[in-house]
Amino acid sequence: MKRTRITLADIADVDNLALATWKAARGKRHRPDVLAFTDKYPQNMQCLAMAILQEQVPYARYRAFYIQDPKRRLIHAACFEDRILHHAILNLAETTFERALVDSSYACRPHKGVHRAISQVQRQLRRYPWYVKVDIAAYFPQIDHAILNALLAKRFKGSPFLNLLARIIDSYHSESGKGLPIGSLTSQHFANYYLSGADRFLLEHPAVEAHTRYMDDILFFCNDRLAAKAVLEALQVWLKINRSLSLKPNPVIQRSQQGVSYCGYRVKPSRILLSRRKRQRYQHLRLTWEQAYLDGKISELELQQAYQSIHAITLHADSTVWRKQNLHLYPSIVI
């Protein structure tokens, strides 16, 4: 396997850092930490470049907060300088991560994403009679630092760069030697790559007909229930030995004609429907924005823009009938 060499000078290059700053600030230019950096852009950029070359980054300053999306999650947002660093690394390393992934992995990848994943799942439901759906127990908190560093060393070379990646990984711990922070760009790519071996294990198994993964949500298809159970048991062993991970209890083994809940949708061979969580989110957001308009907190234009973003939740599902029913049961409070 040919490894990619990335130097600290490549990361600290002025053009690379400028692109990374633009990406890190996109949609967030009015936030205090972004303004503080950009107000003295030349000086701060020079300091960051020097810190990269002198191996003094990351700064490892995280802001912790909870979000409800749809379940409660603890987010650790890196400081703006570290976010620039993460983008600067991924500007150079993303193609290497991309080559390491199989085609049926859909998270954090160009031209992939949730909607392509569910379209692929629907095609697989039509072709294969049985599926197994599993996800990893406490995935991000359980990622093992030593295993991850060893995996990265198989794809990249150069001690300074690998040491930088190791410092980023070591900047956060859910417990000793484990865990990646949810909310970090590097965490997304590290976590996606961490399970690439599991993808290949499944695709090389003679009983597996097809496979789809979105981060730690794994779905694979077999021709009968006994084969599905055997593959599931083998996958559990592989994850424990090779990645120090375990599956959540109660994996789903089901006939494909029954459909599957995946990535926020109820996917059936003939239809794609909104999950209960997405329906609840749609209704909650619609009523929240309408109340904000009545309270004078947003303008009519902002309400219209909010309607468009809320409607986007439903675009990739057969949702017209449900939306009409929802408006009938919960009429718009704006009209």
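Let's start with the four-stranded sheet. This sheet is open, ordered β6-β7-β4-β8, with antiparallel pairing. β6 (210-214) and β8 (252-255) are the edge strands; each has a single partner, so one side of each lacks a neighbour in the sheet. From one strand to the next, the twist averages 15°.

Some ground rules. The model is predicted, so local features need pLDDT of at least 70 and side-chain atom pairs count only at pLDDT 80 or more, while totals for chains, interfaces and linings use all residues. Residue numbers run from 1 along each chain as its sequence is written, and side-chain values use heavy atoms, with hydrogens and water left out.

Terms next. Strands (E, at least two residues) and helices (H or I, at least four) are DSSP runs, numbered from the N terminus. Two strands pair if DSSP finds at least two bridges between them. Angles run from 0 to 180 degrees between N-to-C directions, on axes fitted to C-alpha atoms, for helices over the stretch in contact.

Inside that sheet, β4 (residues 130-135) and β7 (residues 217-222) pair antiparallel over six bridges. V134 sits opposite I218 in β7. What lies across β6 and β7? Helix α11 (residues 196-204), running at about 165° to β6. Contact here means heavy atoms within 4.5 Å.

On to the other sheet. Three strands, open, order β9-β10-β11, antiparallel pairing. β9 (260-262) and β11 (272-274) take the edges with a single partner strand each, so one side of each has no neighbour in the sheet. Neighbouring strands are turned by 30° against each other on average, direction ignored. Three bridges join β10 (residues 265-267) to β11. V267 stands opposite I272 in β11.

Now the second largest pocket. How much space lies in it? About 400 Å³. A pocket is an open set of points on a 1 Å grid over the protein atoms alone, where a 1.4 Å probe fits, with protein on both sides within 12 Å along at least five of seven lines; lining residues have an atom within 4 Å of a point. The lining has 20 residues, with K28, A77, A78, R83 and G183 nearest the centre. α2 (14-25), β2 (62-68), β3 (72-78), α5 (80-100) and α10 (185-194) each supply at least two lining residues.

Last, cysteines. Disulfides, meaning cysteine sulfur pairs within 2.5 Å, number zero in the whole structure. For C47, the nearest cysteine sulfur is that of C79, 13 Å away. For C222, it is that of C263, 19 Å away.

Notes. Grid points are joined across faces, edges and corners, and a volume is the space filled by probe spheres set on the points.
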